[in-house]
Amino acid sequence: MTTTASTATAPVADARALALAHYAARSVLEHVLARHGATFQQQVALRAAITTETPQTSDDLITQVQGSLKADPADIRATLDELLAKQLLVADGAHLRPTDAGRELLAATGAETAPISARIWGGIPAEDLTAAGRVLALVTERANAELAALTA
């Protein structure tokens, strides 16, 4: 069996490796979003509004985004206000609904990032992705439990 330099010196997964991968990938997305006048938190909130099956109140969206980003609820509320001001979300009574412009923004940034994601993820063996998925799910579960204990 031949080992390449990258597999022979591959780092063991740890918090630093996870953080480096996260911030590298997030920076790519933020670069694309900036060209469209959007921020990462706006994209996460807009995606939450678009992908839900039932209409969401601002409190519902704040809870969803906070669950994903662990961001301050006041900051998330400000993000929702920004999306309303940009007319990417619209108030419909107590609910916030995505507008056509909001859906188009998410579609455009998704289309722009798709080939980049394909280059980043391409060629990684399925079994490696499956193992990484299991590890990341476990790390997320444990970190969420630790955060809950710290904030209780």
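Q: What is the relative accessible area of L129?
A: L129 has a relative accessible area of 33%, so this residue counts as partly exposed (buried means under 20%, exposed over 50%, and partly exposed in between, with a 1.4 Å probe and protein chains only). Please keep in mind that this is a predicted model, in which local features need pLDDT of at least 70 and side-chain atom pairs count only at pLDDT 80 or more, while totals for chains, interfaces and linings use all residues. Residues are numbered from 1 along each chain as its sequence is written, and side-chain values use heavy atoms, with hydrogens and water left out.

Q: Where does L129 lie, and which residues does it touch beyond four places away in sequence?
A: L129 lies in helix α7 (helices are DSSP runs of H or I with at least four residues, strands are runs of E with at least two, and both are numbered from the N terminus). Leaving out residues up to four places away in sequence, L129 touches W121 and I124, where contact means heavy atoms within 4.5 Å.

Q: Which residues lie nearest the centre of the largest pocket?
A: L18, A21, H22, W121 and L136 lie nearest its centre, out of 37 residues that line the pocket. A pocket here is an open set of points on a 1 Å grid over the protein atoms alone, where a 1.4 Å probe fits and protein lies on both sides within 12 Å along at least five of seven lines; lining residues have an atom within 4 Å of a point.

Q: How much space lies in the largest pocket, and which helix gives the most to the lining?
A: The largest pocket holds about 1,800 Å³ of space, a volume being the space filled by probe spheres set on the points, which are joined across faces, edges and corners. Helix α2 gives the most to the lining, with eleven residues, and the helices that each supply at least two residues are α2, α3, α4, α6 and α7.

Q: What classes do the lining residues divide into?
A: The lining has 26 nonpolar, seven polar and four charged residues (Ala, Val, Leu, Ile, Met, Phe, Trp, Tyr, Cys and Pro count as nonpolar, Asp, Glu, Lys and Arg as charged, and the others, Gly among them, as polar).

Q: Switching topic, at what angle do α3 and α5 pack?
A: They pack at about 80°, with their axes 9 Å apart (axes are lines fitted to C-alpha atoms, for helices over the stretch in contact, and angles run from 0 to 180 degrees between N-to-C directions). Helices α3 and α5 are therefore roughly perpendicular to each other, a label for angles of 65 to 115 degrees. The residues that make the contact include Q41, Q42, A45 and L46 of α3, and by class the contact has five nonpolar, three polar and two charged residues.

Q: What about phi of K70 and Q87?
A: Phi is near 60° in K70 and near 60° in Q87, a positive value in a residue other than glycine. Most residues other than glycine have a negative phi.

Key: Parallel < 35°, antiparallel > 145°, perpendicular 65-115°, else oblique.
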